[in-house]
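User: I would like to go through a model of a complex and learn how to read its features. Where should we begin?

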Amino acid sequence: MLEIENLSRSFNGRSVLRDISLRLAPGEYVAIVGESGVGKSTLLNLIAGLDRPDGGRLRLDGEDYALHDEDALTRLRRDKLGFVFQAFHILPHLNVAQNVALPLWLQGVERDAADGPARQLLDAVGLGTRGDSWPRELSGGEMQRVAIARALVHAPRLVLADEPTGNLDPANAARVLALLAERVRAAGAIGILVTHSLEAAATADRTLYLTAEGLRG
Amino acid sequence: MSGQVMGWRRLAPVFLGSLARRRLATLFSLVAIVLGVALGMAVQAVHEAALSEFDRGLRNMAGAADLQVVGPRGGFDEQLYARLAARPDVAEASPVLEVEARLVGRDESLQVLGVDAFVLARVTPQLLPRADSGDRFAIFAGDGVFLSRAAAERLGVKTGDLLRVQAGSAEVVLKVAGDLPALGDDRRLGVMDIAAAQTLFGKLGRLSRIDLRLRDGVDAEAARRSLQAVLPDGVLVETPAAEADQAANLSRAYRVNLTLLAAIALLTGGFLVFSAQALSVVRRRSEFAFLRAIGLPRRTLFGWLVGEGAVVGLLGGILGVAVGHGLAWGALALLGGDLGAGYFSGLAPRLQFQPLASAIYALLGVVAGVAGAWSPAKEAATVAPAQALKAGDEAALHGGRGHPLFGLALLAGSLAACAIPPVDGLPFGGYLAVACVLAGAVLLLPSIAALLARLMPVGGPVAVRLAVARLAAAPGHAVVAAAGVLTSVALAAAMAIMVASFRDSVDQWLTQLLPADLYLRAGRAQSGSYLDEALQARIVATAGVGSVAFTRHDGLRLAAGHAPVALLARPMSAAGGGLPLVGQPLAVNGPSLWISEAVQDLYGWRPGQQVELPLAGKPVRLTVAGVWRDYARQTGAVMIDLDSYRRLTGDRLVNDAAIHLAPGADALRTANALTALAGPGVLELAFPGEIRTITLRIFDRTFAVTYLLEAVAVAIGLAGVAASFAALAAARRKEFGMLRHLGLTRRQIGWMLAQEGALAAGVGVLAGLLAGGAIGLVLIEVVNRQSFHWSMDLHVPWLSLLTFGGGLVALAALAAVLAGRQAMRQDAVLAVREDW
Ligand SMILES: Nc1ncnc2c1ncn2[C@@H]1O[C@H](COP(=O)(O)OP(=O)(O)OP(=O)(O)O)[C@@H](O)[C@H]1O
Ligand SMILES: [Mg+2]
């Protein structure tokens, strides 16, 4: 359960997010759309614990962000969150399977033990045979599928995706979005997809609109 | 704990894999650390080998002696022996006469010890001779000499052979009667009966040393004090260890200076690691942001980045220790135990692996690696992930304004450090000042870069404008590249200025000291050779000789714990004419004394001061009339007028003669007439030009090692430029792709990179030359003065410095272009789209 209550954030006195509230139950997969500069990424950063709000509360599975110091938030991200970024962020010096296993490594799983789950997820995103490839041998769409596998390998409670298809062509984008929706639902996690494409948003269960006035269903 | 360790292993591919990807930059950092560690290790290993050999030799010589009585080089009265042997606290006394016997016709001498075989066995059994004939009393056969194995090998003689050596200006023949089986080391020496030695070498009634063994239970220090009280002036009692210390001290300053240079090389290596890590951190900024976002703790990130530096440092340290031993081996074979500086002649040191020192030097490599990686790691760990994850947050190295105030404070601090007196004979204040200048210059670098960018002309071709704009907007990159250049240029320039000043001063000094047309001597001043009165008269009477100035050399013991001070007696004018004086001479009533700078520093004597000099066993009051510069005798020298010396001591012998030719006389003919005055090969004749050439050749050989270090420093600096531009170019592939999309040609981008390289190196070279000038001054005025007690006149080799600086800038531009070409080889389209 993700609970957001009256969240606000301003930069240099300029208010960006004001009075944002949202509750999401496990298995819910929502899209947030809005114009450029309206604060979508800012909201996502707050939810990820990468940034602190000026007001309001954030809770994930009852854990209050405000009570966590930086280390605790880092642990929260490591154990409960999965990320998919617009700029894939695949490490070039690790092979595909290792990239996927990375969140498990951070959790303290041994390299050998992490290999199995990683390849299983690669299988699930249709890249079962590419585990030993190097990132430079992949296309953009394949790279984002690796990122999706990586976002889910450690069974996170919440998956955050900020413009995951911003760097992809439409055909690839559709495939990646469908895969993301399918994987998040299969994992029973909460999913938040940030995009400014309504088409992309349609792959989610419901769409929320972020405007200067607030978040509307 | 073990979980922690395993955690480290798990993440190894994430970080070490990245290190392997940046092969070129990593390699350059590695090479720099290897060189720094190797140089330090080599200097250390060579000197340790030489010192331990020297020490072993001295210990063998001293044997079981508890105390040694030493005096002036000319020796002291042998009656002292009977007096000391009769003292209740002395168990055994062994008299020794030491003679450096010059081998006839060779520029080489053999140390001959005249000993009393009866007491030898109980005090210094190591020196016991063994006669081949089995005759235990062969040592009393007057002309028999027993050679150490090393001496016999060196001279190429065996038992039964004859050895022609020089006594005064006459020739005597010694018979090799056996060897010294108990002498374990590689010293070259001979032992003979003391009475025979006294007779043969004209030292009747004289001793150089008495080795004492005290009765059981007698405290050595108490005995030393009570014995000292009965000794005449200029004769001292010392522990054998003090003797060894003096020898070690003599070369220690030289060694410490070399080690300091190696340390600066290592420091440069650390800077290179810094450049490489700083650039890689910039490049991997979004990678770190991503890792932090998915849950990598800040501390772990920091730890790993420092760990990357430590790995490079450890590897460099281990390789450096290995290379250092190789270098030391080569240096010992080529230059000898003093690296050509002339402190340990007559020794054949052996290299030994020293586990502790090796470990320390390997650790120094790690320290350099960690220090270089520290601040980039800190910067990486403080990056806000949310910010850095944003697309478009391109690699920006925030050079900032540096810390100009702190930098200025450090420069001021270096001035203060120069005023710190030497600690235990070592110029720590000078080293501190050098460190302050370097650190201050690096901290001021961003301000210098900003200033330079502002001074650059606006306009011109687009490539130039882009390059200048980059320096102005992101001085960080240039600063990182320039820091390595700065340190290496500063080191090289400082050394160049110091060596040039030194060489120039030595040259002038020689010209002042050698005004005559011809120089004649019967052997080195230290040897037992001399010119007696009859020969002096014949020299003066030789056809073609105008005027002659004779010089007498001796060595005096002025204070316990100090090495001997050279005494030179020669005709002196009241104004000290002919001496390379420092400052104005004083007009003095009565006998005057001229002291070298070392005596001024070591004994605190000042012009105008009344001092006592032990001459012929009596204290003689003299007034210091002036200070002169002496590059030949690091432990000090005093000069008095020859007539006064003769009046005070009755010693009428001299060691050498400076001869002015009569008007119109032919130099060669006169020279031939002079050498014919004694047996063939006995008298050595030299023209001042020759002496100057030989001296400067020795000088150059001594500084060969520093030239090597300079070359290494420059190589490291260049490697630094190449490495940082290689890393930068790789990080900027996207930018290059974009510029090519905008319509810039490859050539234009190459030109832009050349400008950038030249600008960055230019900043480094400029700051490096300034810092180098300051460090050069510190080396001249503080480090050399305090280590070796000699001053020199500043002489800046402008031409070579400018050529060197310009060449470095050009090479840096070339390195930048080459690095850029490597990065541009890739397809422009791919470069823009690419994600890393
Ligand atoms: N660190 C910051 N400092 C100052 N202003 C910021 C900062 N981060 C975001 N902003 C401002 O907050 C506003 C919202 O930014 P945000 O990145 O959340 O927009 P967005 O909705 O994600 O836009 P886009 O769709 O273009 O990604 C912008 O006006 C931006 O300028
Ligand atoms: Mg955004």
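**Reading the interface, the ligand site and the confidence**

Analyst: Begin with the chain contacts: 29 residues of chain A are in contact with 27 residues of chain B. Keep in mind throughout that this is a predicted model.

User: How much area is buried between chain A and chain B?

Analyst: A contact count is read together with an area. Here about 2700 Å² is buried between the two chains, and carbon and sulfur atoms give 64% of that area. On the chain A side, A:His89, A:His93 and A:Leu106 supply 22% of what chain A buries against chain B, more than any other three residues.

User: Which residues come nearest to ligand 1?

Analyst: For a ligand, list the surrounding residues and then ask which chains they belong to. The shell here has 14 residues, of which A:Arg14, A:Ser36, A:Lys40, A:Ser41 and A:Thr42 come nearest. Because residues from chains A and B surround ligand 1, the site is shared between chains.

User: What is the make-up of that shell by class?

Analyst: The shell around ligand 1 has 7 polar, 4 charged and 3 nonpolar residues.

User: Which polar atoms of the protein lie by the oxygen atoms of ligand 1?

Analyst: Separate side-chain atoms from backbone atoms when reading such pairs. A polar side-chain atom of A:Thr42 lies 2.5 Å from an oxygen atom of the ligand, and one of A:Ser41 lies 2.7 Å from an oxygen atom of the ligand. For A:Val38 the polar atom belongs to the backbone, at 3.3 Å from a ligand oxygen. As for cover, ligand 1 has 630 Å² of accessible area on its own, and the protein covers 68% of this.

User: Which elements give two or more residues to the shell?

Analyst: They are β2 (14–24) and α1 (40–48), both of chain A. The most comes from α1(A), which gives 3 residues.

User: What is the average for chain B?

Analyst: Chain B averages 81, and 85% of its residues score at least 70. Over residues 1–6 of chain B the pLDDT is below 50, and this stretch has 1 contact beyond near neighbours in sequence. Residues 828–836 of chain B also stay under 50, with 25 contacts beyond four places in sequence. Where pLDDT is low, predicted coordinates should not be read in detail. For the model as a whole, the scores are ipTM 0.84 and pTM 0.72.

Note on methods. Residues are numbered from 1 along each chain as its sequence is written. Chains are lettered from A and ligands numbered from 1 in the order in which they are written. This is a predicted model: local features need pLDDT of at least 70, side-chain atom pairs count only at pLDDT 80 or more; totals for chains, interfaces and linings use all residues. Side-chain values use heavy atoms; hydrogens and water are left out. A residue is near a molecule or strand if one of its heavy atoms lies within 4 Å of it. A polar contact is a pair of N or O atoms within 3.5 Å; within protein, one must be able to donate a hydrogen and the other to accept it, and residues adjacent in sequence count only if both atoms are side-chain atoms. Accessible areas come from the Shrake-Rupley method with a 1.4 Å probe; for residues, only the protein chains shown count as cover. Helices (H or I, at least four residues) and strands (E, at least two) are DSSP runs, numbered from the N terminus. Ala, Val, Leu, Ile, Met, Phe, Trp, Tyr, Cys and Pro count as nonpolar, Asp, Glu, Lys and Arg as charged, and the others, Gly among them, as polar. Contact means heavy atoms within 4.5 Å. Buried area is the accessible area (1.4 Å probe) that two parts lose on being put together, summed over both. pLDDT is the predictor's confidence in each residue, from 0 to 100.
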